[in-house]
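Here is a structure that I would like to understand through its aromatic rings. Please take me through it step by step.

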Amino acid sequence: MTKPAHPGRMLFVNMPVADLERSKAFFAKLGFGFNPLFSDESAACMLVGEDAFVMLLSREKFAEFAKLPMADPATHTLALYCFSVSSREEVDSVSATALAAGGTEADGAEDHGFMYARSFYDLDGHGWQVMWMDPAAAEQDADTPA
């Protein structure tokens, strides 16, 4: 992998949710934590990676930021969210937990040998993929010149 073009940058993805507390409980079951410094009754800062966060925002709060009408994630796809885990087994475990917590399966498992993934819709209909990639394959790709 190459060095980041902009070291120190963080990624914040803003996502509208119908019921903030319900969404926080759902994602907590999947192992995500929240930063209380950037959370209140209308927003929750979900920690995804070292420098990556998803801001779960009430629909009202999200509308304050959005200049265009909000789409219904149950009928329109605007983005797909993917996060990695450390093993194939964890892909299955996180996916099973998401389904048990009220999510719905988006499609079956995808097994590419070096990469394994499963997809689900969260409680609001946002599409998520949980994936594992063989570290050797990821490192080999990083060594390939662009």
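Me: What should I know about the model and its numbering?
Reply: This is a predicted model, in which local features need pLDDT of at least 70 and side-chain atom pairs count only at pLDDT 80 or more, while totals for chains, interfaces and linings use all residues. Side-chain values use heavy atoms, with hydrogens and water left out, and residues are numbered from 1 along each chain as its sequence is written.

Me: How many aromatic pairs does a search of the whole structure find?
Reply: Rings of Phe, Tyr and Trp (its six-membered ring) pair if their centres lie within 6.5 Å, and planes under 30 degrees apart count as stacked, over 60 as edge-to-face and the rest as tilted. Searched in this way, the whole structure gives a number of aromatic pairs that comes to eight.

Me: Which kind of pair do Y81 and W128 form?
Reply: The ring centres of Y81 and W128 are 5.1 Å apart and their planes stand at 40°. Because of that angle, the pair of Y81 and W128 is tilted.

Me: Are F83 and W128 buried or exposed?
Reply: Buried means under 20% relative accessible area, exposed over 50%, and partly exposed in between (1.4 Å probe, protein chains only). By this scale, F83 and W128 are both buried.

Me: Where does the charged end of R88 sit?
Reply: A charge sits over a ring if NZ of Lys or CZ of Arg is within 6 Å of the ring centre and within 35 degrees of the ring normal. The charged end of R88 is 4.4 Å from the centre of a ring and sits over it, and that ring belongs to Y116.
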